[in-house]
Amino acid sequence: MYSMSPPTSAVPAAEPASAPVRAEPVAVGRAAHAREADERTRDRVQAAVLEHGPISAAELGEMLGFTPAAVRRHLDHLSRNGVIEVKRAARAGAGAGRPARRYVLSSQGQSSLGNDYLDIAGSALRRIGDLAGPEAVREFAVERFAQMERRYTPEIEAAGADITARARALSAALSRDGFVASAQSIEAKAPLPAALSSVQLCQGHCPIQQLAAEFPVFCEAETDVFSRLLGVDVRRLSTLARGGHVCTTHIPTGRPAAPGAASPAGQDSPDEVSNHLQERP
């Protein structure tokens, strides 16, 4: 006799385990590229605000070739991160109305621009002051800017006797040293005498801003050097160290140059009086 085994029922094949879902490499690459592009663009916006601030969003967009929406997106990002801040300024030639929003680099933005070792330098200067008195700190600052004066003198002298030309040469030299400088002529209009014409020398960045905030003698020594280089008495209107958005130096051009003329010794620093004139709307 033959035993008959019952028919075996078909067992369904096991389904393969589902593989983990992975993001498409192309999509990830595109996202990373977009982030890098945004960072590069924000760097350009920050650099433009540093060099040309206070500047409006519209001016930035025109300068950099961005749409208004794009430039405002990057400005909002930089503002949220504390890198830039808004200054309210009255529109030139406009009557009473809402001040325009203009952007400048904040103190945090300034401090991120290569101010390495300033904490160490500040500690060293405080120690010098403790051991040898404030005059020793002054001597250090004077010697530091004397080095700048020696380097700049040939270039300023090559610009000739015209004070405006000398101021532009000084601006170019400062920019090469990282001060992001510019020189703008201010012509006196009638009925004001032509002798009141001037140049405003602006420095958008100060590599030693943190030190100068604690030791104003650095600003005083720099101002004295500018005066000697240009051959005319100059006045500081604002400084980054005292809260201004730029360092601004008033250079009169309507009087003959007097090479070697420095600010009188012992005179109060003009920063004490007129530092915030530019901050008023």
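Trainee: Which helix gives the largest share of the lining of the largest cavity?

Mentor: Good place to start, and keep in mind that this is a predicted model. Rolling a probe the size of a water molecule over the atoms shows where empty space is left. Here, helix α9 (residues 217-230) supplies the largest share of the lining of the largest cavity, with three residues.

Trainee: How many cavities of 30 Å³ or more does the structure hold, and how much space lies in the largest cavity?

Mentor: There are two cavities of 30 Å³ or more, and the largest cavity has about 60 Å³ of space.

Trainee: Which residues line the largest cavity?

Mentor: Its lining consists of F145, F179, C206, I208, A212, F218, C219, E222, A241 and C247. Sorted by class, nine of the lining residues are nonpolar, none is polar and one is charged.

Trainee: Let's turn to helix packing. At what angle do α7 and α9 pack?

Mentor: Helix α7 (residues 163-176) and α9 pack at an angle of about 135°, and their axes are 10 Å apart. Angles over 145 degrees would count as roughly antiparallel and 65 to 115 as roughly perpendicular, so α7 is oblique to α9.

Trainee: Is the crossing of α7 and α9 left-handed or right-handed?

Mentor: α7 passes α9 in a right-handed crossing.

Trainee: And which residues of α7 and α9 meet?

Mentor: On the α7 side you will find I163, R166, A167, L170 and L174, which meet F226, L229 and L230 of α9. By class, this contact of α7 with α9 has seven nonpolar residues, no polar ones and one charged residue.

Technical notes:
Residues numbered from 1 in each chain as written. Predicted model: local features only at pLDDT ≥ 70, side-chain atom pairs only at ≥ 80, totals over all residues. Heavy atoms only, no water. 1 Å grid on protein atoms, 1.4 Å probe; cavity = no way out; pocket = protein on both sides within 12 Å on 5 of 7 lines; lining within 4 Å. Points joined across faces, edges and corners; volume = space filled by probe spheres on them. Helix = DSSP H or I, 4+ residues; strand = E, 2+ residues; numbered from the N terminus. Nonpolar A, V, L, I, M, F, W, Y, C, P; charged D, E, K, R; others polar. Axes fitted to C-alpha atoms, helices over the stretch in contact; angles between N-to-C directions. Parallel < 35°, antiparallel > 145°, perpendicular 65-115°, else oblique. Left-handed = near helix turned anticlockwise from the far one by under 90°. Contact = heavy atoms within 4.5 Å.
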